Amino acid sequence: MEIKNCRKCGRMFNYLMGPQICDNCKKAAEEKFQEVKEFVRANKTAHIQEICRECDVEQKQVQQWIREERLVFSDDSPVMINCEICGKQIRTGRYCDSCKKDTANAVSAAGRRPDQMNPGANNARHQSGNRMHTFNDK
Ligand SMILES: [Zn+2]
Ligand SMILES: [Zn+2]
């Protein structure tokens, strides 16, 4: 275990792994995520700027949730992010369908899937024997 400064609030905390953010900020981000999720559900056609304004959250943060596929938008939603490889507009995740296919091929050839490469998730599963269920459905 090491002591690090939280990237958000600068407080010292015991750093284990994953994002360099203290428990307080992690909790605050999680509450914010629930708020945004509710807002998106209630306002299916809201633009990302609107979401940021209404929920008082950074656009970067919203995009990160989209990339993590935690935040999913309906087909009516104008919210789009860019594929990290070709820049095509996509709704969720990191890559468009064709790039996803390409990377899936590339990764399975290497014997690993991208969603199994998150050490945080693996660790949580390892410790509790269940896959962070409480994280999303609060
Ligand atoms: Zn903090
Ligand atoms: Zn692409």
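Helices (H or I, at least four residues) and strands (E, at least two) are DSSP runs, numbered from the N terminus. By this rule the secondary structure of the chain comes to six helices and four strands. Along the sequence the pattern reads β-β-α-α-α-β-β-α-α-α. The model is predicted: local features need pLDDT of at least 70, side-chain atom pairs count only at pLDDT 80 or more, and totals for chains, interfaces and linings use all residues. Residues are numbered from 1 along each chain as its sequence is written, while chains are lettered from A and ligands numbered from 1 in the order in which they are written.

A residue is buried if 20 or more other C-beta atoms lie within 10 Å of its own, exposed if 12 or fewer, and partly exposed in between, with C-beta atoms placed from the backbone. Buried residues make up 9% of the 138 residues in the chain. Contacts were then examined. Two residues are in contact if their C-beta atoms, placed from the backbone, lie within 7 Å. Among contacts between residues at least 6 apart in sequence, 25% join residues at least 24 apart.

A nonpolar core is a set of buried Ala, Val, Leu, Ile, Met, Phe, Trp, Tyr and Cys residues joined through C-beta atoms within 7 Å. The largest such core has nine residues: Phe33, Val36, Val40, Ile51, Val62, Ile66, Leu71, Phe73 and Val79. Helix H1 (23–42) and helix H3 (59–67) each supply at least two residues of this core. The largest share, three residues, comes from H1.

Helix H1 has 20 residues, which at 1.5 Å a residue should span 28 Å; its end C-alpha atoms are 29 Å apart, in agreement. The expected span of a helix is 1.5 Å times one less than its number of residues. The buried residues of H1 are Phe33, Val36 and Val40. Seen down the helix axis, the buried residues of H1 fall within an arc of 70°, so they line one face of the helix. The arc is that of the directions from the helix axis to the C-beta atoms. An α-helix has 3.6 residues a turn, so residues three or four places apart point the same way. The face of H1 turned away from its buried side carries exposed residues, among them Asp23, Lys27 and Glu31. Cover for the buried residues of H1 includes H2 and H3. Beyond its neighbours within four places in sequence, Phe33 is in contact with Trp65 and Arg70.

Val79 is found in the loop between H3 and strand E3 (81–82). Val79 counts as buried because it has 22 C-beta neighbours inside 10 Å. Leaving aside neighbours within four places in sequence, Val79 is in contact with His47, Ile48 and Phe73. Val79 and Ile48 are 31 residues apart in sequence and 5.8 Å apart in space, C-alpha to C-alpha. Gln49 and Val79 are 30 residues apart in sequence and 9.2 Å apart in space, again C-alpha to C-alpha. Gln49 lies in helix H2 (residues 48–55) and is exposed, with 11 other C-beta atoms within 10 Å.

Helix H4 (residues 97–110) reaches 20 Å from its first C-alpha to its last, close to the 20 Å expected. H4 is hardly covered: the count of buried residues among its 14 residues is zero.

Backbone angles were also considered. Most residues other than glycine have a negative phi. Asp56, in the loop between H2 and H3, has a positive phi of about 55°. Glu69, in the loop between H3 and E3, has a positive phi near 60°.
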